[in-house]
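Biologist: I'm new to this one. Can you put it on screen and walk me through the main features?

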Amino acid sequence: FFLGWQISVMTCRALKAGLRQEMKQVIMSIPMATRLAKSENVTKHVLSSQQFQRAQRIGFYLSLRDEVNTLPLLEAALAAGKTCFVPRYTADTMDFYSIASMSDVESLPKTKWHISQPEDDLETRAEAIASGGMDLILVPGRAFSVLGGGRLGRGKGYYDTYLQRLKASEATFPFLLGMAFDEQLVAQVPMGEHDWPLDAIVSPRGLATTERRGQGVSA
């Protein structure tokens, strides 16, 4: 039994590594102007969704060049008076902290990976779990699958670990919305025991609810 489980885990890791490398090349082959145009279409679908319109507390990733651009959505949410949170990463953990304005976002320091994040003024910001949780999180990824709500991240497990911690708390657990370019949609994503399924995936084609809406993973 143990040997079979170990092989299964190793196989899953190998499949993920292969897909991650493949999707890196696929994304980088999309011209930057095309990525921005696709991001605009994704933005329109998110803005018109009930999930975004009803949510009052939203978690945003601050997008890199190879991810769907979230800044227009963040700006719209702030203008609508929603409480917005962005991630702060350490070596092995992630937390979400509140953002007050777009100028606040623009003033955030960057990590060595060029990720903007709150750093020196955390005591002045609300931490998402401690302040009650979130209604919606926009989730980045390398590949996505409507089948099973699969998502492939960059390999650090930040979101899966964070969601486990959030689920174990008394805070509101959010609707999980994957943000994808069309080219990132695949038939199936390898899913391990601790991988958290998404509730829906939005791409330039529109928003698709996954078959595992509301389900979690084993602890």
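Biologist: How does the lining of the largest pocket divide by class?

Modeller: The lining of the largest pocket has 17 nonpolar, 13 polar and 11 charged residues. Here Ala, Val, Leu, Ile, Met, Phe, Trp, Tyr, Cys and Pro count as nonpolar, Asp, Glu, Lys and Arg as charged, and the others, Gly among them, as polar. This is a predicted model: local features need pLDDT of at least 70, side-chain atom pairs count only at pLDDT 80 or more, and totals for chains, interfaces and linings use all residues. Residues are numbered from 1 along each chain as its sequence is written, and side-chain values use heavy atoms, without hydrogens and water.

Biologist: What volume does the largest pocket have?

Modeller: About 1300 Å³. Of its 41 lining residues, the closest to the centre are Arg154, Gly155, Lys156, Gly157 and Tyr158. The search runs on a 1 Å grid over the protein atoms alone: a pocket is an open set of points with protein on both sides within 12 Å along at least five of seven lines, a cavity is a set where a 1.4 Å probe fits but cannot get out, and lining residues have an atom within 4 Å of a point. Points are joined across faces, edges and corners, and a volume is the space filled by probe spheres set on them.

Biologist: Which element gives the most to that lining?

Modeller: α1, with eight residues. α1 (2–28), β2, β6 and α6 each supply at least two. Helices (H or I, at least four residues) and strands (E, at least two) are DSSP runs, numbered from the N terminus.

Biologist: And the second largest pocket, how much space lies there?

Modeller: About 200 Å³. Helix α5 (residues 102–106) gives the largest share of the lining, three residues. Among the lining residues are Leu62, Met102, Lys110 and His114. By class there are six nonpolar, four polar and two charged.

Biologist: How many cavities of 30 Å³ or more does a search find?

Modeller: One in the whole structure. The largest cavity has a volume of about 30 Å³. Its lining includes Tyr61, Asp66, Pro140 and Met179.

Biologist: New topic. What is the strand order in the open sheet?

Modeller: β3-β2-β1-β4-β7-β8-β9, seven strands with mixed pairing. β3 and β9 are the edge strands, each pairing on one side only. The twist averages 25 degrees from one strand to the next. Strands count as paired if DSSP finds at least two bridges between them.

Biologist: Which way do β4 and β7 run, parallel or antiparallel?

Modeller: Parallel, joined by four bridges. Leu138 has Leu177 in β7 as its bridge partner.

Biologist: What about β8 and β9, parallel or antiparallel?

Modeller: Antiparallel, over four bridges. They form a hairpin with two residues between them. Ile201 stands opposite Ala208 in β9.

Biologist: Back to α6. Which of its residues are buried?

Modeller: Tyr158, Tyr159, Asp160, Tyr162, Leu163, Gln164 and Leu166, in a helix that spans residues 158–168. Buried means under 20% relative accessible area, with a 1.4 Å probe and protein chains only.

Biologist: What do those buried residues pack against?

Modeller: β2 (83–89), β3 (94–99), β4 (136–139), β6 (150–152) and β7 (175–179). Contact means heavy atoms within 4.5 Å.

Methods:
Buried < 20%, exposed > 50% of the residue type's maximum accessible area, 1.4 Å probe, protein only. Axes fitted to C-alpha atoms, helices over the stretch in contact; angles between N-to-C directions.
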